[in-house]
Structures are given as C-alpha cells and as structure tokens.
Amino acid sequence: MQIKTTELPGIGKRYSFKTVNDEQVTVILHHNGSREIYHFDKDEEDDPDFTLSLTDEEARQLGTILLGVDYQPVADDRVELFLKTVRLEWLRVEPDSCIANQKIIDSQIRSRTGTTIIGIQRGETMIGSPDVNEVILPGDVLMVIGNREQTKNLDNLCKL
C-alpha cells in the first residue's frame, strides 16, 4: 500500500491511500491533534461517502484498537499453537497488592514471574506497550503475556 503525504500549510498534514478494494481513504491530521477521515468509494469522486471527525484522544484510542493492542485476530492453527505455549491474560491489580504504586521497572515483574506487561487498562484509557517507568496503580488491569505458570505467579502478586 502506498500512502501519499501532503503538507497542508496552516492546517497540518494529509495522508491518502487506496484500499485493496480500490476505495480512497484520506486522513487529515490537524496541528491541534484532531483528525478527519474521508472515504471515497471511487477515486474520481469529489464528495466523500462519509467523513469522521476525531479528537486527539479518540484517534489514539481508535489507533490502539486498529493496532490490535487488546485483541488481534489470528489464524486458527496459529491460535492453537499459541495457546499451548503462551497465554495472554488480563490481571487486575488489587489495592493492597505488593506491586501497586510501583514503577514497572521497580516491581521487577519480568524477573520475578517471567511475564511481560504489554498493555495497561486504566479506567477508560488503554496504555499500549507501557514504558518501564509507568507506575502501576491499584485497579489497573494489566495485559500480560507468559506461560500458564508465569501468569499465575503474576496474578498472585496482583492480589498480595
């Protein structure tokens, strides 16, 4: 897929591309962070079939969904192999947990349990691929990856 990028002086930047179904999609990223998405059924159309306006926050949330941060479809044979060896778990951090109110790096989750935190759901906010300096808060839901024993060990830490 080829993406055409155009500077829009005083506005921001425009990104345009064609889908495999020969539909035209244009995204305008404004200097203020808002985004506009335009869909054209045919390349030669002047008026879009639909438009979508998103705030910076909405665009980032949509981006995490499109990136598959909390769900990523996988072919059945790959799922079977994946589930036999690796687990993806969502674990809630209890208020009295020994890892609550600690930075990820200071909690030593990886060395203590073997799991890796790949996301944090904090209320309505999803933090994908959190920085090691991110503080784990009580009530956070950690999206982690590891084998069955590793995720069980982290689940125990989330409750202690």
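Q: How many disulfides does the structure hold?
A: This is a predicted model, and a disulfide is counted where two cysteine sulfur atoms lie within 2.5 Å. Cys98 is in no disulfide, since the nearest cysteine sulfur, that of Cys158, is 8.3 Å away. The number of disulfides in the structure is zero.

Q: Is Cys158 buried or exposed?
A: The limit for a buried residue is a relative accessible area under 20%. Cys98 has 30% relative accessibility and therefore counts as partly exposed. Cys158, by contrast, has 0% relative accessibility, so the word for Cys158 is buried.

Q: Which residues of helix H5 are buried, and on how wide an arc around the axis do they lie?
A: Helix H5 runs over residues 148-159, and its twelve residues reach 17 Å from the first C-alpha to the last, close to the 16 Å expected at 1.5 Å a residue. The buried residues of H5 are Thr151, Leu154, Leu157 and Cys158. They sit on the same side of H5, because the arc they cover around the axis is only 115°.

Q: Which residues are exposed on the other side of H5?
A: One side of H5 carries the buried residues, among them Leu154 and Leu157, and these are covered by elements that include strand E6 (87-92), helix H4 (109-113) and strand E11 (141-146). On the other side of the helix, the exposed residues are Arg148, Glu149 and Lys152.

Q: Which residue caps the N-terminal end of H5?
A: The helix begins at residue 148, and the cap is made by a side-chain oxygen that lies 3.1 Å from the backbone nitrogen of Glu149. The residue that supplies this oxygen is Asn147.

Q: Which element gives the most residues to the largest nonpolar core?
A: This core has 15 residues, and those that touch the most other members are Val93, Ile99, Ile117, Ile136, Leu142, Leu154 and Cys158. Two or more residues come from each of strand E8 (116-122), E11 and H5. The element that gives the most, with three residues, is H5.

Q: How far apart in space are Ile65 and Met126, C-alpha to C-alpha?
A: Ile65 lies in helix H1 (residues 56-67), and at 53% relative accessibility Ile65 counts as exposed. Ile65 and Met126 are 61 residues apart in sequence, while in space their C-alpha atoms are separated by 9.5 Å.

Q: How far is Gly128 from Gly68 in space, C-alpha to C-alpha?
A: Gly128 belongs to strand E9 (residues 125-128), and with a relative accessible area of 33% Gly128 is partly exposed. The two glycines, Gly128 and Gly68, are 60 residues apart in sequence, and their C-alpha atoms are separated in space by 9.6 Å.

Methods
Residues numbered from 1 in each chain as written. Predicted model: local features only at pLDDT ≥ 70, side-chain atom pairs only at ≥ 80, totals over all residues. Heavy atoms only, no water. Helix = DSSP H or I, 4+ residues; strand = E, 2+ residues; numbered from the N terminus. Expected span 1.5 Å × (residues − 1). Buried < 20%, exposed > 50% of the residue type's maximum accessible area, 1.4 Å probe, protein only. Arc of directions from axis to C-beta. Contact = heavy atoms within 4.5 Å. Polar contact = N/O pair within 3.5 Å; in protein donor to acceptor, adjacent residues only side chain to side chain. Core = buried A, V, L, I, M, F, W, Y, C linked by side-chain atoms within 4.5 Å.
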